[in-house]
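Biologist: Can we go through the packing in this one? I'd like the cores, the rings and the sheet, in that order.

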Amino acid sequence: MPKINVLPKEIYSLIAAGEVVERPMSVVKEMIENSLDAGAKHITVEIKNGGSTYIRITDDGCGIAREDVKKVFLPHATSKISKSEDLDSISTLGFRGEAMASIAAVSSVELLTKTNDEDTGTRYEISGGEEISLSDAGCPNGTTVIVRNIFGNVPARMKFLKKDVTEANAVQGVTERAAISNPAVSFRFIRDGRQALFTSGNGDMKSAVYSVYGAEFSDTLIDVDYSYEGMRVYGLVSSPHRSRKSRAMQFFFINGRFVKSATAVAALEQAYKNSIMTGKYPACVLNVELDSKLVDVNVHPAKIEVRFVNERPVFNLIFYGVKTALETKDTVKQGSFSADEKRFAQSPAAVVKSDFFKKGEKPNQLRFAVNDTANPWKLESPRKPIYQSDGGESVRKTAGIKLDIFGKNAETRKGQPKRGAPDILFEEEKEEKTEPAAVIDEKDAPPVFKIVGEAFKTYIIVEIENDLYYIDKHAAHERMNYERLRAQSQINSQVLLSPAAVKLSADEYAVIIENLPLLAKCGFAAEDFGNTSVLVRETPAMLDGADISDLIIEIAQKLLEHKTDIEPEKMDWIFHSTACRGAVKGGDNTSDYERELFVKKLLSMPNIRYCPHGRPVMIKISRHELEKQFGRIQ
């Protein structure tokens, strides 16, 4: 049991001051932190009336020696630090020595404690900062603290408490965050006599998250475990297609301490860029482990805000950790049927009669629900293969000549107006002269598939083993274009037969002129044409027949809307627009041969799961789910 010392003034004056006890939640937070610092493996939190009349925290930690019990309630008394240098490397959750003194000053407190070395426990009572009694007590090893009538002797502060249900929710939130950040500790939360939370303490974070937030949330999470420059980030993040409308489910912990960090939020959301829709946010439970000397927790009275010695390594740690998890562990979005089970309990004839033969009634509607599933093929980094079939048919690879999937030379169509039913075009990469064209290895080949058809001229239906895949051809082609643009060190451009003059607003014109070198890097050759106009002479090769004027205006608007000095981020927005304009559209006619080559190319790039805007490129329906709906299986 560490000895409790009363800090001298020259030390406690260095500690960030602030009101520790604001509401019952503050009391519970401080006492849970004390229990965790004491090495507890089981912690029980019980409250009544939102915690305003009764709070009890019980743990099985190391306990407090009898000679130290009174010191617990003295200002600036703590076992966590003893000299000023200790503030530079705080490894415990508590350290200020203010909490228990502040709690005892505004309420009545009863403490029961016993260490492993003592035969008899200690019972101590204090109210309003005044000692009432100290006596022997029979109790197990550990500590129990009972707080009654918070602010009972300060009625002016009592009126600032919110409704009991609001205060109770806040206390439960603190307990839940402690539970998910300490999965090796079993937490029990009792609210007005009813158990509202229990975690097993088995050490599995996902199990703790399941106990706190339920299966609907925990089943969507992806494991993260990544190390970088002596630091480690581990925990769980949500699948991109299970994003949320707010950041309410983002939980960050630094060495087990719940914190709010703009650096962590920025790194997380940057990792989801191009995989999540605008206006949506990822969920996470992430714990960052790093040397305590690299982070200052003595910044905010509530110890929620922290300051890093160097933010960049922390940003990189979270960014690469989450990015790696998404690229290697995220899964294809799965669709399943949901229908009224009672209706299927009827005879087939009754269902048909009621659904199709009654006037004004619609057929039984089957709805898609989204779940996670395993990838149907091995997840690897993107490849740039050349396909060769047994029949000798191959996709030709040329140096700088753009081919459509019929093998036609796209150069012959430059400058021609866009047709109503465009081909799906693939701009093949330039072949390195020093390396022969390699046939795709069997282990890298796409899975064996069969194209069933196409629905609404938008969704290609593919059969792979015992599953059906619905592929959004525009979303998939857009992402393929985007990845190709990002992978090229120099964008392949095509010269327009007739340069396009684009009229812009004053702001749009200014931002385009400012970014002409950037546009050149992205495959656009443009120049100032005067009178708020620019002349475009070259565009990326994939933009065959695209409306150049609308595209330049869209790029200008994005550059204005997302003002940044970071060149890669600007290029990203340009690539977004280019990839979208160069992709086949929903409703366009595509031939059987086009679909065959398109699907083959897509399935050879298994990490393509979302378009740059965050929409899924494909949804999977299992044969099991389909046969279940037809009553073939139960």
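This is a predicted model: local features need pLDDT of at least 70, side-chain atom pairs count only at pLDDT 80 or more; totals for chains, interfaces and linings use all residues.

Biologist: Which residues touch the most other members of the largest nonpolar core?

Modeller: Met-31 and Phe-73, in a core of 52 residues. A nonpolar core here is a set of buried Ala, Val, Leu, Ile, Met, Phe, Trp, Tyr and Cys residues joined through side-chain atoms within 4.5 Å. Buried means under 20% relative accessible area, exposed over 50%, and partly exposed in between, with a 1.4 Å probe and protein chains only.

Biologist: Which helix gives the most to this core?

Modeller: Helix α5, residues 164-181, with six residues. Helices (H or I, at least four residues) and strands (E, at least two) are DSSP runs numbered from the N terminus. There is also a second, separate core of 30 residues, which includes Val-288 and Phe-315.

Biologist: Rings next. How many aromatic pairs?

Modeller: Seven. Rings of Phe, Tyr and Trp (its six-membered ring) pair if their centres lie within 6.5 Å; planes under 30 degrees apart are stacked, over 60 edge-to-face, and the rest tilted. Tyr-228 and Tyr-320 have ring centres 6.5 Å apart and planes at 40°, so they are a tilted pair.

Biologist: Where do Tyr-228 and Tyr-320 lie?

Modeller: Tyr-228 is in strand β11 (221-228) and Tyr-320 in helix α9 (311-329), so the pair ties together parts 92 residues apart in sequence. Tyr-320 is partly exposed, at 37% relative accessibility.

Biologist: And the sheet: in what order do the five strands come?

Modeller: β11-β12-β15-β13-β14, as an open sheet with mixed pairing. Two strands pair if DSSP finds at least two bridges between them. The edge strands are β11 and β14 (257-259).

Biologist: How many bridges between β12 and β15?

Modeller: Six, in the antiparallel sense. Val-233 has Val-288 in β15 as its bridge partner. Helix α9 packs on the sheet, touching β11, β12 and β15 (contact is heavy atoms within 4.5 Å).

Definitions and conventions: Residues are numbered from 1 along each chain as its sequence is written. Side-chain values use heavy atoms; hydrogens and water are left out. Axes are lines fitted to C-alpha atoms, for helices over the stretch in contact, and angles run from 0 to 180 degrees between N-to-C directions.
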